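Please keep the display in view as I speak.

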Amino acid sequence: MRIPRPRTMRAPRSHPGRVLGPVLSLAALAAVATSAAAQADGASRADSTAWAPIVLAGDGEHRYDVPFFEGADLDPAVPSPGQVLGFPLGARPAGHAATLACWRAWAEASPRVRLETMGRTYEGRELVVGVVTSPANHAAMDDVLARLRRLGDPREHGLADVDALVAGTPAVGWFGYSIHGDEMSGVDGGLAFAHLLIADRRPGTAALLEDVVVVVDPMMNPDGRERFLSMLNQAAGYVGNPDPR
């Protein structure tokens, strides 16, 4: 009986006569692939402790260490955005969950803050507004809202009544950040602004919050921002790519 020799693969015609070696069976190929995968998995686990996320700014020559607001007297009992985020504000864009974490931490730490849920996005993300004002205005918020409703149509009241309502009612400022997902700086700038109002101990800030109720929508389009951050993180790299395409 004649035992057939293993089949061989020939190189392309540009390398005549070169033998690449015997064709491996499917079982042998599977064994090689399994072994390579196991080695790669082991290497990745060994290196996992050294892995760190890509920082888009905040390191080396890109470090930004100038205070956002010069002269602010920030209460250390109110956590800074960086303390909650785990990286300096602006070093990476804050995502939806991280932004909510900042506001929840502030609502717990400061009587100047109330956090309210407005609803949810089409993708199920929570929509919130942060209300920042003096503790006295928070305590009288039902009356403030009633006065604002009356001022909504002053034709129902005499001029003197309207003047009295205006004099005794705090103004309302509304700030909304990043209505478009690719408007990167809005959300992060909003965190810096909100932290100033909440934590600043200077008399001027306290007086401002006696006269104004500040309503902050910290992220107007969470779905769009998360989509853009996903694309941004996928495109980021440790080595710069000069190709803009």
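This is a predicted model: local features need pLDDT of at least 70, side-chain atom pairs count only at pLDDT 80 or more; totals for chains, interfaces and linings use all residues.

Among contacts between residues at least 6 apart in sequence, 68% join residues that are at least 24 apart. The chain has 245 residues, of which 30% count as buried. Its secondary structure comes to 9 helices and 6 strands. The accessible surface is about 16,200 Å², and carbon and sulfur atoms account for 58% of that area.

Let me now turn to strand β4, residues 126–132. How many of the residues of β4 are buried? The count is 7 of 7, so the strand is largely enclosed by the rest of the structure. Both faces take part in this: Glu126, Val128, Gly130 and Val132 point one way, Leu127, Val129 and Val131 point the other way, and all are buried.

Which strands, then, lie alongside β4? Strand β3, residues 113–120, pairs with β4 in the antiparallel sense over 7 bridges. Within that pairing, Glu116 stands opposite Val129. The hairpin of β3 and β4 has 5 residues between the strands, and there Gly124 adopts a positive phi near 90°. Strand β6, residues 212–217, also runs antiparallel to β4, and 3 bridges join the two.

Val132 is buried, because its relative accessible area is 0%, and the cut-off for buried is under 20%. What does Val132 touch, leaving aside residues up to four places away in sequence? Its contacts are Trp103, Arg112, His138, Leu197, Ile198, Leu209, Val212, Val213 and Val214. One of these, Val212, belongs to the range of β6. As for Arg114, it is 18 residues from Val132 along the chain, and their C-alpha atoms are separated by 6.7 Å.

Finally, a backbone detail elsewhere in the chain. Ser178 is found in the loop between β5, residues 171–176, and α7, residues 184–199. Ser178 has a positive phi of about 60°, although it is not a glycine. Most residues other than glycine have a negative phi. Is Ser178 buried or exposed? With a relative accessible area of 8%, Ser178 is buried.

That concludes the presentation, and I would welcome your comments.

Definitions and conventions: Residues are numbered from 1 along each chain as its sequence is written. Side-chain values use heavy atoms; hydrogens and water are left out. Helices (H or I, at least four residues) and strands (E, at least two) are DSSP runs, numbered from the N terminus. Buried means under 20% relative accessible area, exposed over 50%, partly exposed in between (1.4 Å probe, protein chains only). Contact means heavy atoms within 4.5 Å. Two strands pair if DSSP finds at least two bridges between them. Accessible areas come from the Shrake-Rupley method with a 1.4 Å probe; for residues, only the protein chains shown count as cover.
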